[in-house]
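Open the model in your viewer and follow the stops below in order. Each one gives a selection and then what is found there.

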Amino acid sequence: NIILIALRGNLKSIGSTTSASTAISREEAVTPHPYGRTTVPVSMIIEASVPEFSGSGDGQVSNLTVSKVTSNAIELSWMAETGSYDYFIIKYRSELGAEDETEFSMPGDVLTSELKGLSPSTPYKITLSGISGGRLSEPLSIIAATGI
């Protein structure tokens with residue numbers, strides 16, 4: 001059993017799966033940590049199945065996960081209570097600083113998305129927020145890298 005953990009501020013959401021493929025990127029990213037800076041591989045999960053339920057039980061968006069990576073695309077999945085959100089906003093940008101941030105939306109009943117047309121071997125910061133009644137949820141963020 002593989003445990004998937006999404007951090008949102010000081011809150012932690014946990015899900016599990018039984019299968020995943022992993023790969024370590026040659027590049028590394030430095031992420032902030034309450035006790036200093038931590039260096040971690042930017043592309044750990046290339047493919048993973050997600051838990052077979054659609055929400056975390058608290059009405060919040062949770063478990064933003066990279067479910068597939070290619071040289072020019074990153075597929076995402078997340079969890080949210082069915083009917084809790086009108087739509088989701090996904091923002092992403094290269095961690096190399098060469099590109100502007102891209103933003104698009106997904107319907108509230110869709111819990112997956114694919115970012116296409118990305119540059120190979122590039123880390124991206126991806127942020128997901130839910131919109132319900134004009135209110136923005138607390139955003140979830142991850143860093144994922146495209147393949148070679």
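**Stop 1: a loop residue**

Glutamate 101 sits in the loop that runs between β9 (87-94) and β10 (102-107). The model is a predicted one. Is glutamate 101 buried, partly exposed or exposed? Its relative accessible area is 46%, so glutamate 101 is partly exposed, the range between 20% and 50%. Show its surroundings: apart from neighbours within four places in sequence, glutamate 101 is in contact with Lys91, Tyr92 and Arg93.

**Stop 2: the whole chain**

Colour by secondary structure. The protein chain has 14 strands and 0 helices. Of its 148 residues, 36% are buried. Among contacts with a separation of 6 or more, 53% are between residues 24 or more positions apart. Switch to a surface: the accessible area comes to about 8500 Å², and carbon and sulfur atoms hold 49% of that.

**Stop 3: the core**

Which residues touch the most other members of the largest nonpolar core? Select Ile74, Leu76, Trp78, Ile90 and Ile126, out of 21 residues in that core. The elements giving two or more residues to this core are β7 (62-69), β8 (73-79), β9, β12 (123-132) and β14 (140-145). Centre on leucine 76: beyond its neighbours within four places in sequence, its contacts include Leu64, Val66, Ile90, Leu115, Ile126 and Ile142.

Serine 113 is also in contact with leucine 76. Serine 113 lies in strand β11 (residues 112-116), and serine 113 is buried because its relative accessible area is 6%, under the 20% limit.

**Stop 4: the aromatic rings**

Show the rings; there are 4 aromatic pairs. Tyrosine 85 and phenylalanine 88 have ring centres 5.4 Å apart and planes at 45 degrees, so this pair is tilted. Both count as buried, tyrosine 85 at 10% relative accessibility and phenylalanine 88 at 0%. Next select tyrosine 92 and phenylalanine 104, an edge-to-face pair with 6.3 Å centre to centre and 75 degrees between the planes. This pair links distant parts of the chain, with tyrosine 92 in strand β9 and phenylalanine 104 in strand β10, 12 residues apart. Tyrosine 92 is buried at 11%, whereas phenylalanine 104 is partly exposed at 25%. To finish, select Trp78, Tyr85 and Phe88, which ring pairs link into a cluster.

Definitions and conventions: Residues are numbered from 1 along each chain as its sequence is written. This is a predicted model: local features need pLDDT of at least 70, side-chain atom pairs count only at pLDDT 80 or more; totals for chains, interfaces and linings use all residues. Side-chain values use heavy atoms; hydrogens and water are left out. Helices (H or I, at least four residues) and strands (E, at least two) are DSSP runs, numbered from the N terminus. Buried means under 20% relative accessible area, exposed over 50%, partly exposed in between (1.4 Å probe, protein chains only). Contact means heavy atoms within 4.5 Å. A nonpolar core is a set of buried Ala, Val, Leu, Ile, Met, Phe, Trp, Tyr and Cys residues joined through side-chain atoms within 4.5 Å. Accessible areas come from the Shrake-Rupley method with a 1.4 Å probe; for residues, only the protein chains shown count as cover. Rings of Phe, Tyr and Trp (its six-membered ring) pair if their centres lie within 6.5 Å; planes under 30 degrees apart count as stacked, over 60 as edge-to-face and the rest as tilted.
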